[in-house]
Amino acid sequence: MKNIGLFGGTFDPIHNGHLHIARAFADEIGLDTVVFLPAGDPYHKDPSRACAQDRLIMTELAIADDPRFAASDCDIVREGATYTFDTVQIFRQQFPAAQLWWLMGSDSLMKLHTWKKWQTLVRQTHITVAMRQGDNLNQTPRELHAWLGEALQNGSVRILNAPLHNTSSTQIRQTLQSGRLSDDLPPQVARYIREHKLYQSGK
Ligand code: ATP
């Protein structure tokens, strides 16, 4: 059976933490491919953020070296708000015989019970969680307790063993806005940001 990994995010911008967990995801689960899915633009655009097209290009630049990685504009071209539930239906239909795995950070897991049709979603895709600094699985919200306990037991939720990589797009945008460079950016992405003057303060 084909094992397909899906990795949704804002990727504003994509950073080494994303690449680190995506590699661990592919290695530890034994995935054939990991599809990066940059989110579409929110209704109210924020000028200090990058648009979907730039975020998709930066994602493509960042993943170019790993043949297991691909990028999809699936969440960008859909009209209106996009939900993970709908994204998973699209991949389910496209790859009916594959096992789908969804990658998320532990901060996203803590909010999973607020996602559209989350209980159906977790039956249609396995979930892999990358821990983030400061998060503790014992502090998951009450609504998730029973499901998470069982899912960890039956293997439909896996926690990555990869060491923590403590960075975020928010930290990187702040570093760039103060005129400094960030070590957590892949060099091709840093070059694209410089050339296109993204994330400059006051923009
Ligand atoms: P922001 O700071 O803008 O919220 P982010 O760095 O969290 O951005 P996203 O694009 O929102 O990046 O992340 C996509 C997914 O990757 C989320 O599920 C998030 O939890 C996870 N993630 C991002 N960075 C890391 C990291 N350093 N370690 C583990 N998971 C991460």
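**Exercise 1. Determine how many disulfides the structure contains, and account for the count from the cysteine sulfurs.**

The count comes to zero disulfides, a disulfide being a pair of cysteine sulfur atoms within 2.5 Å. The structure is a predicted model, in which local features need pLDDT of at least 70 and side-chain atom pairs count only at pLDDT 80 or more, while totals for chains, interfaces and linings use all residues. Residues are numbered from 1 along each chain as its sequence is written, and side-chain values use heavy atoms, with hydrogens and water left out.

Step 1: take cysteine 51, whose sulfur has its closest cysteine sulfur in cysteine 74, at 18 Å, which is too far for a bond.

Step 2: classify both residues by relative accessible area, where buried means under 20%, exposed over 50% and partly exposed in between (1.4 Å probe, protein chains only). Cysteine 51, at 32% relative accessibility, is partly exposed, whereas cysteine 74, at 11%, is buried.

**Exercise 2. Find the salt bridges, and describe where the partners of three of them lie.**

Step 1: apply the rule that a salt bridge is a side-chain nitrogen of Lys or Arg within 4 Å of a carboxyl oxygen of Asp or Glu; the count is then seven salt bridges.

Step 2: begin with aspartate 27 and arginine 68, whose closest N and O atoms are 2.6 Å apart. Helices (H or I, at least four residues) and strands (E, at least two) are DSSP runs, numbered from the N terminus. Aspartate 27 is exposed at 52% relative accessibility, and arginine 68 is partly exposed at 24%. Asp27 and Arg68 also belong, together with Asp66, to a network of salt bridges.

Step 3: turn to aspartate 41 and arginine 55, which form a salt bridge of 3.1 Å, N to O. Aspartate 41 is in the loop between strand 2 and helix 2, and arginine 55 is in helix 2, 14 residues apart. Aspartate 41 is partly exposed with a relative accessible area of 32%, whereas arginine 55 is buried at 2%.

Step 4: finish with arginine 132 and aspartate 107, whose side chains meet at 3.2 Å, N to O. Arginine 132 sits in the loop between strand 5 (126–130) and helix 7, and aspartate 107 in helix 5 (residues 106–109), 25 residues apart.

**Exercise 3. Classify two aromatic pairs by geometry, and place their rings in the chain.**

Step 1: rings of Phe, Tyr and Trp (its six-membered ring) pair if their centres lie within 6.5 Å, with planes under 30 degrees apart counted as stacked, over 60 as edge-to-face and the rest as tilted. A search of the whole structure finds six aromatic pairs.

Step 2: phenylalanine 7 and phenylalanine 36 are 5.3 Å apart, centre to centre, with 55° between the planes, and the pair is tilted. Phenylalanine 7 lies in strand 1 (residues 3–9) and phenylalanine 36 in strand 2 (residues 33–38), so the pair ties together parts that are 29 residues apart in sequence.
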